[in-house]
Every structure is written in C-alpha cells, then in structure tokens.
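Please keep the sequence and the 3D view open as you go.

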Amino acid sequence: MIPSDDIAGIIELWHDAFGDEPEFVEDYMHRFATPDNYIFERDERHKPLAMVHFPIFRSQSGLSVAYLYALAVAAGHRGNGVAVKVVNRLFGCCGADVVVTIPFPHSLQPWYASRFGFALASKPVSVLANLDFDLGSGIPSDDVFMVKVLRADRYRQACISQYGIAPECNDDELYQKFPISL
C-alpha cells in the first residue's frame, strides 16, 4: 500500500505539473501504482518535490519493460538536477531490461537522449493497447516512444528470438533496427 502522504503529494504534484484532475491520478494509482514502482521525493518542508512512476510490463519476447511515466518536478525546483536524480534512481532499482517513455511535449526528446541515452523508436510501440487506460499524451498520433536498453544482453537475445537473427549493430542502434513488440 502506498502511504497516504505520498498519494496526497503525488496528486498535488501531478496536477501542478500536468493539469490532470485528481480522479485521473487516483484511477492511475489504483491500476498501476505500487510501492515498488514509483519514486517520490519531498523537500525539506516535506512538500512534494519530484516523482516518477515506472509500471513494469512484459514484452512478447519476455523482456521486462519499465514504462517511465509522469516524471514531474515542482516548479520551484526545476533545472536543479532533481529529475536526473530520480530517473537515475529508477534505472538502478527497476530491474527492467528496457525502459520506454513518451516525452511530451516532443521538445523533451533531446533532453531524454542527451541526459540518459534514450533513442527514438523506429515505429510505434504498442505497450498500451490492452490496458483500457491511456498512459500516453492523450493523442495517440503524438505518442512517440523513446527507448533505453538497460540490459543489452537480454535485448540482443530477444532480437534473436523474435527475428531469428543476431543484430549486428551497437547497443544504441538495437531498437531502431530491431524493434521489440511489447
């Protein structure tokens, strides 16, 4: 169970960052949030400072895929490296083979690429198709996925399994040439 202080802080920070109503956030929390798949930071006054959520999914080829979702930093703390800190914590604790995200607005794509090594997906990723909940931007045609491979050995094996060939490219090019169906 997620502590009620965290839920209240998540709802407040989420609304401030994205404008979503509490009902949407509560629905998301009910469906996807567990104590193991979110990182929540408070400032020295115990006010919400930053958060990131990362529900874990399985790809068709058996990869563990963390979906980086709702990364937000309180307005007065942006630009101080807090988002980088929580995303790096996500990489260290999620246990996933791959992390995917939909940066929105699209102007965030270079930030995800330069700070964390995310690459643009070569085609749409359909991780959301069977969820009956839109984890994207709300506009499916705008949902451009980016991918960060955390465990290249597992990813390479999934490519071999799914396509019957061993990709001859570096780790950064894996997804662009051999997209894994999620």
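Is alanine 70 buried or exposed? Alanine 70 has a relative accessibility of 10%, so it counts as buried, the cut-off being under 20%. We will come back to this residue below, after a look at the whole chain.

## The chain as a whole

Please bear in mind that this is a predicted model. The protein chain holds 6 helices and 7 strands. Read from the N terminus, its elements follow the order α-α-β-β-β-β-α-β-α-β-β-α-α.

The protein chain has 182 residues, and 46% of them count as buried. Its exposed surface comes to about 9,300 Å², with carbon and sulfur atoms supplying 50% of that area. Among contacts with a separation of 6 or more in the protein chain, 64% are between residues 24 or more positions apart.

## Two helix pairs

Two packed helices are described by the angle between their axes and the distance between the axes. Let us take the pair at the start of the chain. Helix α1 covers residues 4-18 and helix α2 covers residues 22-32; their axes come within 10 Å and cross at roughly 130°. This angle makes α1 oblique to α2, and α1 passes α2 in a right-handed crossing. On the α1 side, the residues that meet α2 are Ile7, Ile10, Ile11 and Trp14, and their partners in α2 are Pro22, Phe24, Val25, Glu26, Tyr28 and Met29. The residues of this contact divide into 9 nonpolar, no polar and 1 charged.

Now turn to α3 (residues 82-93) and α4 (residues 109-116), whose axes come within 12 Å and cross at roughly 60°. That angle makes α3 oblique to α4, and here too the crossing is right-handed. From α3, Ala83, Val84, Val87, Asn88 and Phe91 meet Trp111, Arg115 and Phe116 of α4. This contact is made up of 6 nonpolar residues, 1 polar and 1 charged.

## Buried residues in the strands

Which residues does histidine 53 touch beyond its neighbours within four places in sequence? The list is Ile10, Trp14, Tyr28, Met29, Asn37, Tyr38, Tyr67, Leu68, Tyr69, Ala70 and Leu90. Histidine 53 itself lies in strand β2 (residues 48-53) and counts as buried because its relative accessibility is 0%. Two of its partners, Ile10 and Trp14, also take part in the meeting of α1 with α2. Valine 87, a residue of the α3 contact with α4, is 34 residues away from histidine 53 along the chain, and their C-alpha atoms are separated by 9.5 Å.

Leucine 68 is found in strand β4 and has 2% relative accessibility, so it counts as buried. Not counting residues up to four places away in sequence, leucine 68 touches Val52, His53, Val87, Leu90, Val99, Val100, Thr101, Tyr112 and Phe118. One of these, threonine 101, sits 33 residues from leucine 68 along the chain, with 5.0 Å between the two C-alpha atoms.

Glutamate 41, in strand β1 (residues 38-42), is buried, with a relative accessible area of 14%. Apart from neighbours within four places in sequence, glutamate 41 is in contact with Lys47, Pro48, Leu49, Ala50, Lys85, Val86 and Arg89.

## Backbone points to check

Most residues other than glycine have a negative phi, and most peptide bonds are trans.

Alanine 70, in strand β4 (residues 64-73), has a positive phi of about 60° although it is not a glycine.

Where is the cis peptide bond? This bond joins phenylalanine 104 and proline 105, with omega about 10°. Proline 105 lies in the loop between β5 (98-101) and α4.

Technical notes: Residues are numbered from 1 along each chain as its sequence is written. This is a predicted model: local features need pLDDT of at least 70, side-chain atom pairs count only at pLDDT 80 or more; totals for chains, interfaces and linings use all residues. Side-chain values use heavy atoms; hydrogens and water are left out. Helices (H or I, at least four residues) and strands (E, at least two) are DSSP runs, numbered from the N terminus. Buried means under 20% relative accessible area, exposed over 50%, partly exposed in between (1.4 Å probe, protein chains only). Contact means heavy atoms within 4.5 Å. Accessible areas come from the Shrake-Rupley method with a 1.4 Å probe; for residues, only the protein chains shown count as cover. Axes are lines fitted to C-alpha atoms, for helices over the stretch in contact, and angles run from 0 to 180 degrees between N-to-C directions. Angles under 35 degrees count as roughly parallel, over 145 as roughly antiparallel, 65 to 115 as roughly perpendicular and the rest as oblique. A crossing is left-handed if the near helix is turned anticlockwise from the far one by less than a right angle, and right-handed if clockwise. Ala, Val, Leu, Ile, Met, Phe, Trp, Tyr, Cys and Pro count as nonpolar, Asp, Glu, Lys and Arg as charged, and the others, Gly among them, as polar.
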